[in-house]
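Before reading on, please take a moment with the sequence and the model shown here.

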Amino acid sequence: MKIFLDTLLETNKTYDFFVDWKKVRSFVEKNKVEINILNSLLHSEDFDNELRRILRRYPEVLKVVPLLLAIRDNSVSIISEFGLEKTKVIKLDFTERNLREEEIETFVDFFKKTGLKDFFLNVADKSLLDYILGVEVGMDTNARKNRSGKVLENFLKPIIEKIANDLKCTFLTQEKFSTLEKYSININKLKDRKADFILLKPRGDGSYGVVNIEVNFYNVSGSKPQEIIDSYIERQKELKEYGYEFLLVTDGPAWKKQKSQLTKALENLDFVLNTYLVRLGILEEVICMI
């Protein structure tokens, strides 16, 4: 355990972790026309009527309105009245369509009560496009968790793929276990589950041995390691029922505060490595052995 803890990675952040600029630029470019139409509302002297005109003639602008409030949903439920005797909830649909006049009035009211009207008249300067670009950058930070989860997987993929090629194994990544049916392998208990990596080791009789490799990284401590380790212990148990193997590659500073869970993993899983041990060649040795 000491070697494992002493060689953990401090971070999994890479230069492309912070903002997915390609994604941000793609979204803004895709909606550039609609954004520029709304841009005409900036500092309007007759805002409500101009908004009504736009909604009648260009209902496609509806899809970018939620983004002005930094939300991605194309429908929003709002409490419009709240009292002891009565609570009223209205639902606004921002999908493109021809609007009825009462719907247009609802959106005019929405702009006023959410502060968007004041934003257009008194806050925004010259470019709504720049504002939405900033909103997209901010919202993209919410996707960092997903990017973070993929970093270690991306680091290890070429290493594991090379091992697979060297050992003449079939290499699969992010596939459901049901995919193995085309290799005449049926793991019914796991068929709907997805694996980070699967290696199929050819056997002399024409069949395959299966090695499932799962990868994760923990930046902060909490309940998740316990839940994940329990699920991996169950995963290994289910694979062994079919005569197959499980291997975990995990890393991150949170393990230093989760020693009890690490002990549980080491005691109940046959193979637990960190990236340092992988780079030493131990992963290849283990796959050769099993």
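## The chain as a whole

The chain of this predicted model contains 13 helices and seven strands. Its C-alpha trace spans about 80 × 45 × 40 Å along the principal axes, and the radius of gyration of the chain is 27 Å, whereas a compact globule of 290 residues would have one near 19 Å.

Of the 290 residues, 41% count as buried. The accessible surface of the chain amounts to about 16400 Å², and carbon and sulfur atoms contribute 49% of that area. Among the contacts in the chain with a separation of 6 or more, 66% are made by residues 24 or more positions apart.

## Cysteines without a disulfide

How many disulfides does a search of the whole structure find? The search finds zero. For cysteine 169, the closest cysteine sulfur is that of cysteine 288, and because the two sulfurs are 8.2 Å apart, they are too far from each other for a bond; a disulfide would require the sulfur atoms to lie within 2.5 Å.

The surroundings of these two residues can be described as well. Cysteine 169 has a relative accessibility of 9% and therefore counts as buried, while cysteine 288 is partly exposed, with a relative accessible area of 44%.

## Helix 13 and its two sides

Helix 13 covers residues 282-289, and within this helix Leu283, Val286 and Ile287 are buried. Seen down the axis of helix 13, the buried residues fall within an arc of 95 degrees, so they line one face of the helix.

Which exposed residues does the face turned away from the buried side of helix 13 carry? That face carries Glu285 and Met289.

## Leucine 273 in strand 7

Leucine 273 is found in strand 7, which is made of residues 272-273, and at 7% relative accessibility leucine 273 counts as buried. Leaving out residues up to four places away in sequence, leucine 273 touches Phe4, Leu247, Leu248, Val249, Thr250, Val278, Ile282 and Leu283. One of these, Leu283, is also among the buried residues of helix 13.

Is asparagine 31 buried or exposed? Asparagine 31 is buried, with a relative accessible area of 4%, and it is located in the loop between helix 2 (21-30) and helix 3 (32-39). When neighbours within four places in sequence are left aside, asparagine 31 is in contact with Lys63 and Val64.

Glutamate 136 has its place in helix 8, which runs over residues 128-140. With a relative accessible area of 1%, glutamate 136 is buried, and, not counting residues up to four places away in sequence, glutamate 136 touches Val24, Phe27, Val28, Leu67 and Arg72.

Key:
Residues numbered from 1 in each chain as written. Predicted model: local features only at pLDDT ≥ 70, side-chain atom pairs only at ≥ 80, totals over all residues. Heavy atoms only, no water. Buried < 20%, exposed > 50% of the residue type's maximum accessible area, 1.4 Å probe, protein only. Helix = DSSP H or I, 4+ residues; strand = E, 2+ residues; numbered from the N terminus. Arc of directions from axis to C-beta. Contact = heavy atoms within 4.5 Å. Rg over C-alpha atoms; globule rule 2.2 N^0.38 Å. Areas by Shrake-Rupley, 256 points an atom, 1.4 Å probe, with all protein chains shown as cover.
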